[in-house]
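Please take a look at the structure below. A short report follows it.

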Amino acid sequence: MDYEHVREVDPAVADALSGEVTRQNETLAMIASENHVSEAVLEAQGSALTNKYAEGYPGKRYYGGCQYADDVENLAIERAKELWGAEHVNVQPHSGTQANQAVYFAMLDPGDKILSMELSHGGHLSHGHPANFTGQLYEVESYEVDPETGYIDYEELHAMAEEFEPDIVVSGYSAYPRTVDWERIQAAADAVDALHLADIAHITGLVAGGAHPSPVGIADFVTGSTHKTIRAGRGGIVMCDEQYAEDIDKAVFPGGQGGPLMHNIAGKAVGFKEALDPSFEEYAAQTVRNAKALADRLQEHGFSLVSEGTDNHLVLVDLRPSHPDTTGGDAEEALEETGIVLNANTVPGETRSAFNPSGIRIGTPALTTRGFDEEDLRVVADCIKQVVDAPEDEDVKAEAEATVAELCDANPLYE
Ligand SMILES: Cc1ncc(COP(=O)(O)O)c(C=O)c1O
């Protein structure tokens, strides 16, 4: 990827773009919400559709010249329906947050009540955090994971629903390593006639690939990102039954967005086609196997994991028991020096701050895309152990860096 046209016009940006490709090739992307799309998806996202205004929906646009925009959006919709089995799909949200926004805007009035997971226990900003519009427009109550087990306390959630009587219950998380029991959350919502939004942003690909149970057909609304465990480029998606289709479509456009990003929708269409290939099921299963191998080895090394393991694509390490003087930020920084890129994360019962919390979140979707297997993840876990034990030791970091370079060379990414 030499970005020759960009280079002619703007060498500074070309340098940054090439630098980013090199960075991705030469480091391990272990941020649980990241992945590497194929060159086909990159090409679609960089296509001439970026020029096209296509406000409206296929067949009902507010602009002329939309025949190819219609083709692409129809393909994305049909493929999404096949992947997740939803009756209605809207592929226009620019991001996962805007997908959630569309559901709230369609179904709630200001002042209505949201019951959702506390951010520091794995929830997301767009589920009602005070800094987000959701926290300012709606009345929000938060449920938490069981402090002992790290699992969702479904009984407590149910009791809270009965006490608070929310208009909508939000499930789906940013840092929850366990399988979600959608039926139990649906039961809590049903008990108080609340709607249920299942935000599968993190696990869209695991659900599509059969590696996590699906909330489609259980929850009223399912939202997701298209760039985390599925490799369809940056964006969002809303799924629902036909009865809500019109309300959701109106809430996305014109309710919350203007012209759709047709080039991104082309990326979604291509990424969804790739995910319909039978090999994607194996990818999803391998992503989980890799996370389990990582979790097991980290535990053997004495790390404390929230919920003591994982069922999905991520592992959440609470550093406090094993490394009381090392913050998540310290670990993130030292590991990045070796080429292991992950993020500091809050943990249930957080005693530090959201800015420099006590945990690290580690994901396997991107490494699995590169072809890493369980043995590779065990090697990565060994590197993490060595570096987090001695974050200031330059020799240790140099050794880990060499191991990372070997792993990257053995599993090439972009040319
Ligand atoms: C549970 C959840 N919902 C929504 C989002 C928002 O996605 P986006 O960054 O595409 O807006 C995220 C992002 O990480 C998430 O984890």
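The report covers the domains, their interface, the ligand site, the salt bridges and some backbone details.

## Basis of the model

This is a predicted model: local features need pLDDT of at least 70, side-chain atom pairs count only at pLDDT 80 or more, and totals for chains, interfaces and linings use all residues. Residues are numbered from 1 along each chain as its sequence is written, and side-chain values use heavy atoms, with hydrogens and water left out.

## Two domains

The chain is assigned domain 1 (43–276) and domain 2 (280–410). Such bounds come from an automatic or database domain assignment. The C-alpha centres of the two domains are 28 Å apart.

Contact here means heavy atoms within 4.5 Å. On that basis, 26 residues of domain 1 touch 25 residues of domain 2.

## The interface

About 2,000 Å² is buried between domain 1 and domain 2, and carbon and sulfur atoms give 58% of it. Buried area is the accessible area (1.4 Å probe) that two parts lose on being put together, summed over both. On the domain 1 side, Pro177, Arg178 and Arg231 lose the most area to domain 2, together 30% of what that side buries.

A salt bridge is a side-chain nitrogen of Lys or Arg within 4 Å of a carboxyl oxygen of Asp or Glu. The rule finds 1 salt bridge across this interface. Arginine 178 and aspartate 311 also meet through their side chains in a salt bridge (2.9 Å, N to O).

On the side of domain 1 that touches domain 2, the elements giving two or more residues are α9 (204–208) and α11 (262–276). Helix α9 gives the most, with 3 residues. Helices (H or I, at least four residues) and strands (E, at least two) are DSSP runs, numbered from the N terminus.

## The ligand site

Which residues are around the ligand? They are Ser95, Gly96, Thr97, His124, Tyr173, Ser174, Asp199, Ala201, His202, Ser225, His227 and Lys228. Each has a heavy atom within 4 Å of the ligand.

A polar backbone atom of glycine 96 is 2.8 Å from a ligand oxygen. For serine 174, a polar side-chain atom lies 2.6 Å from an oxygen atom of the ligand. Histidine 202 has a side-chain N or O atom 3.5 Å from a ligand oxygen.

## Salt bridges

The count comes to 16 salt bridges. One of them joins glutamate 73 and arginine 61, with the closest N and O atoms 2.9 Å apart. This pair links distant parts of the chain: glutamate 73 is in helix α4 (residues 67–84) and arginine 61 is in strand β3 (residues 60–61), 12 residues apart. Side chains of opposite charge can pair when their charged atoms come close.

## Backbone details

Most residues other than glycine have a negative phi, and most peptide bonds are trans. Phenylalanine 253 and proline 254 are joined by a cis peptide bond, with omega about 10°. Proline 254 is in helix α10 (residues 245–256).

Tyrosine 3 has a positive phi, near 50°. Its place is in the segment before α1 (4–9).

Conventions:
A polar contact is a pair of N or O atoms within 3.5 Å; within protein, one must be able to donate a hydrogen and the other to accept it, and residues adjacent in sequence count only if both atoms are side-chain atoms.
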